[in-house]
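Please read the report below alongside the sequence and the coordinates.

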Amino acid sequence: MKRIGILSDTHSCWDDRYAIHFADCDEIWHAGDIGDISIIERLEGIVPVVRAVRGNIDHGMVCKRCPEALCFDAEGVRVWLTHIAGYPGRYAPGIAKTLSDNRINLMVCGHSHILKVMPDARLGLLHVNPGAAGYHGWQQVRTLVRLTIDSGTVTGLEVIELGKRSE
């Protein structure tokens, strides 16, 4: 069993509540638009495993350390982590084929700043976009997601609200 903390679109913003909400996690996944590499370094101080992909605003050390996408297995769940992917019924070009070809069970992306958790019955997967954790963007409420993966099943998904953009 693994507890996973998921965030996206920090845009170089650190909030001490990331550490509080992810303290009991085994891994943290960042779905891009990290901003500054110090965000990844600080997340690595919270948990033993941080998986992160670069987003369209990332550059420099973030691009050197973080690939555009990651495909991996976590406790029997096949995961695709990327920044720009769309969502079920409105995937970005080529994403549905990639998800199908890789037999993905859990797709995690960012970019839109819109919190969205929804099943894709056609591809047999769960789509998670944790919304935006940073202050940059038009989102009204900053959000994080936590979930548990155990023996091939995603359970206990929680949405954590960090407050309004200006807080």
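## Phe72 and the aromatic pairs

Phe72 has a relative accessible area of 7% and is therefore buried, a term that stands for under 20% relative accessible area, with exposed for over 50% and partly exposed for what lies in between (1.4 Å probe, protein chains only). The model is a predicted one, in which local features need pLDDT of at least 70 and side-chain atom pairs count only at pLDDT 80 or more, while totals for chains, interfaces and linings use all residues. Residues are numbered from 1 along each chain as its sequence is written, and side-chain values use heavy atoms, with hydrogens and water left out.

How many aromatic pairs does the structure hold? There are 2 aromatic pairs, where rings of Phe, Tyr and Trp (its six-membered ring) pair if their centres lie within 6.5 Å, and where planes under 30 degrees apart count as stacked, over 60 as edge-to-face and the rest as tilted. The ring centres of Trp29 and Phe72 are 5.1 Å apart with planes at 80 degrees, so this pair is edge-to-face. It links distant parts of the chain, since Trp29 lies in strand β2 (residues 27-30) and Phe72 in strand β4, 43 residues apart; helices (H or I, at least four residues) and strands (E, at least two) are DSSP runs, numbered from the N terminus. Trp29 is buried, with a relative accessible area of 0%.

The rings of Trp14 and Tyr18 have their centres 5.1 Å apart and their planes at 80 degrees, so they too form an edge-to-face pair. Trp14 and Tyr18 are both buried.

## The sheet that holds β4

Strand β4 belongs to an open sheet of 5 strands in the order β4-β5-β8-β10-β9, with mixed pairing; two strands pair if DSSP finds at least two bridges between them. Because β4 (69-74) and β9 (115-120) each have a single partner strand, they stand at the edges, and one side of each is left without a neighbour in the sheet. Neighbouring strands of this sheet are turned by 15 degrees against each other on average, direction ignored, the axes being lines fitted to C-alpha atoms, for helices over the stretch in contact, with angles from 0 to 180 degrees between N-to-C directions.

The strands β4 and β5 are antiparallel and pair over 6 bridges, and Thr82 in β5 is the bridge partner of Ala69. These two strands form a hairpin with 2 residues between them, and Glu75 in the turn has a positive phi of about 50 degrees. Strand β5 (residues 77-82) runs parallel to β8 (residues 106-108), to which 3 bridges join it, and Val79 stands opposite Leu106 in β8.

## The other open sheet

Another open sheet of 5 strands, also with mixed pairing, has the order β3-β2-β1-β11-β12. Its edge strands, β3 (49-52) and β12 (153-164), each pair on one side only, and the twist averages 20 degrees from one strand to the next. Strands β11 (residues 141-150) and β12 run antiparallel and are joined by 9 bridges, with Arg142 opposite Gly163 in β12.

## Pocket lining

Which residues line the largest pocket? Among them are Arg54, Glu68, Ala69, Trp80, Thr82 and Ile95. A pocket is an open set of points on a 1 Å grid over the protein atoms alone, where a 1.4 Å probe fits and protein lies on both sides within 12 Å along at least five of seven lines; lining residues have an atom within 4 Å of a point.
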